[in-house]
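Try each task yourself before reading on.

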Amino acid sequence: MQVIRRGHCGQRKLNRAGNSGKISLAFRNQPVKNRPVGAKMGWSFGSGFDPRRPRYLGCHMIHSWIVTSWIGPSLEEGLTRSDLWTVSENPGFLKPLGITSDRSYRPWLVQPKLEVWQEICRRVNKSGKGRAIGRSAQLRFEGKESSSLRQYNFALRFYRPGTLCIEVSMTDSIGESIDDFFASRDLSSHSLASIAVDTLIGIITSHQLKGYPTSNSYAAKPAMVYAAPIDVKEFEVWKLENTNALAGLLINNRHFESADESLAQKIFDRNQDLDIKYAKSAFSMASKQGVLTVYPQTGTDLAEDINREHRRRFRFLEYALVLQKFSENYQEIHQSDQCRAAFLLYLSSPFLREDANLPRTVTGSNTWKLLAREFALQRSLEAIEKVHLEQSQAQEKYYVQLSPEVYGSLNYMAEVRRVTRPYRSWLRKDFSDKKIILGILGLIAAAIGAAAKFL
């Protein structure tokens with residue numbers, strides 16, 4: 001089916017396989033009530049129009065991804081000792097989320113130096129898939145079969161003791177149809193950016209520029225912003241007509257045409273409380289699979305505010321992902337350093353509870369509750385062995401002696417060990433006392449056994 005789109009995107013002709021006929025914006029400027037049936041959003045349909053396909057108005061979508069990789073508890077020490085990057089505290093990361101509590105699981109900021117970005121460019125250029133240009137966290141890539149450069153920005157954050165997050169964001173919008181949106185949704189479809197991510201993980205894992213591991217394990221979740229080329233007056237109707245496609249895009253269901261319509265409705269209903277601010281001029285949806293924000297291109301002056309809300313929700317998704325990594329790997333964290341594990345559990349446990357109401361904004365609180373349920377964070381907390389939870393809770397009276405600045409500092413463990421020394425001393429004494437008691441009981445049991453032989 002040939003699609004002709006005009007207006008903000010200019011005029012384009014696209015081929016959509018499997019259909020024939022023509023769609024045009026012939027009714028774009030007519031009042032809705034005067035348009036033919038099936039043309040509410042400004043489309044006229046030729047023979048071959050398939051009503052199951054979404055009447056998706058074209059133009060472009062801006063993509064970002066949050067990449068998470070669990071590297072291991074030893075990463076923390078190696079990260080702070082390497083001269084390939086600088087590591088700094090990042091106290092402001094949670095403030096835009098409305099989280100101002102001192103007791104919070106804060107990330108550190110990691111800034112690779114020039115040599116790291118040069119190695120990324122070298123590897124991309126050597127791959128034969130295209131070329132890379134840049135000497136900083138802003139890199140431009142040109143695919144082998146493309147004549148245009150696209151810019152990608154990279155921001156690295158580290159969550160103690162072993163999770164690396166890489167935020168990848170495009171400055172250029174891409175895609176011209178629902179099929180394009182699905183294709184570009186996955187970071188793997190951006191081959192050069194994927195090489196950059198894999199290289200960053202490999203270098204940070206090994207702390208070296210040569211001989212670092214490749215084909216590293218990581219997960220990438222998308223955040224998509226779409227300015228639909230319609231007026232705000234048409235937005236509600238447009239949203240209803242494209243409900244299945246939009247819900248499918250969020251959860252990466254390419255077969256949304258065959259899905260039960262109740263699935264899309266459930267997704268929209270579940271996200272309803274996220275949009276109370278801009279319900280009539282935008283909507284945003286979040287899930288384990290990503291974040292999708294859509295707003296009309298004309299008739300609203302809220303674009304800046306809507307994009308800011310989108311970025312906040314993307315950060316909430318990142319926070320949920322790293323907390324899930326933390327709880328999943330807590331046994332390994334505890335085995336590597338019990339003192340550190342107990343303190344980090346103290347910082348993160350309030351956020352692992354589904355009923356946590358820590359964000360001070362209404363939409364922030366609603367977003368966090370939704371993601372906490374999606375990721376089953378309460379269940380993750382309950383899966384941690386009871387003895388570990390009790391050890392952390394027993395030390396809370398010592399943790400409160402710490403200055404709040406210590407919680408996210410680079411040398412936090414020196415202070416944590418200092419204030420919890422009485423607890424560890426008591427623990428050792430208690431263990432020694434128990435050994436003595438057990439020894440005495442053992443001697444008594446042996447004596448009784450010996451005496452029984454003579455009776």
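Helices here are DSSP runs of H or I with at least four residues, numbered from the N terminus. Keep in mind that this is a predicted model.

**Exercise 1. Find which helix gives the most residues to the lining of the largest cavity.**

Solution. Start with the count: there are three cavities of 30 Å³ or more. The largest cavity has a volume of about 80 Å³. Next, list its lining: L274, D275, K277, Y278, A282, F283, S284, T293, I306, E309 and R313. Now sort these residues by element: strand 13 (283-287) and helix 8 (303-328) are the elements that give two or more residues. Helix 8 gives the most, with three residues.

**Exercise 2. Describe the largest pocket by its volume and its lining.**

Solution. Begin with the volume of the largest pocket, about 410 Å³. Its lining has 22 residues, and those closest to the pocket centre are S146, R150, Y152, S189 and H190. Then look at the elements that give two or more residues to this lining: strand 9 (138-143), strand 10 (150-159), helix 3 (178-185) and helix 4 (191-206). By class, the lining of the largest pocket divides into six nonpolar, 10 polar and six charged residues.

**Exercise 3. Classify two aromatic pairs, F235 with W238 and Y319 with F351.**

Solution. A pair of aromatic rings is described by the distance of the centres and the angle of the planes. The whole structure holds 26 aromatic pairs. Take F235 and W238: their centres are 6.1 Å apart with 20° between the planes, and the pair is stacked. Both residues lie in helix 5 (residues 235-241), three residues apart, or about one turn of the helix. F235 and W238 are both buried.

Turn to Y319 and F351: the ring centres are 5.2 Å apart and the planes stand at 90°, so this pair is edge-to-face. Y319 belongs to helix 8 and F351 to helix 10 (residues 338-352), so the pair ties together parts that are 32 residues apart in sequence. Y319 and F351 are both buried.

Now widen the view. Y319 and F351 are members of one aromatic cluster, which also includes F93, Y105, Y159, F316, F326, Y330 and W368. To finish, go to A320, which is also found in helix 8. A320 is buried, with a relative accessible area of 0%. In sequence A320 and F351 are 31 residues apart, while in space they are 8.6 Å apart, C-alpha to C-alpha.

**Exercise 4. Work out where the buried residues of helix 15 sit around its axis.**

Solution. First pick out the buried residues of helix 15 (residues 412-419): Y412, M413, V416 and V419. They cover an arc of only 135° around the axis, which puts them on the same side of helix 15.

**Exercise 5. Inspect the backbone at P161, N252 and A376.**

Solution. As a reference, most residues other than glycine have a negative phi, and most peptide bonds are trans.

- Step one: R160 and P161 are joined by a cis peptide bond, with omega about 0°. P161 lies in the loop between strand 10 and strand 11 (163-170).
- Step two: N252 is not a glycine, yet its phi is positive, near 60°. N252 is in the loop between helix 6 (243-251) and helix 7 (261-270). With 30% relative accessibility, N252 counts as partly exposed.
- Step three: A376 also has a positive phi, about 50°, although it is not a glycine. A376 is placed in the loop between helix 11 (362-374) and helix 12 (377-383). Buried means under 20% relative accessible area, and A376, at 16%, counts as buried.

Note on methods:
Residues numbered from 1 in each chain as written. Predicted model: local features only at pLDDT ≥ 70, side-chain atom pairs only at ≥ 80, totals over all residues. Heavy atoms only, no water. Buried < 20%, exposed > 50% of the residue type's maximum accessible area, 1.4 Å probe, protein only. Arc of directions from axis to C-beta. 1 Å grid on protein atoms, 1.4 Å probe; cavity = no way out; pocket = protein on both sides within 12 Å on 5 of 7 lines; lining within 4 Å. Points joined across faces, edges and corners; volume = space filled by probe spheres on them. Phe/Tyr/Trp six-rings, centres within 6.5 Å; stacked < 30°, edge-to-face > 60°. Nonpolar A, V, L, I, M, F, W, Y, C, P; charged D, E, K, R; others polar.
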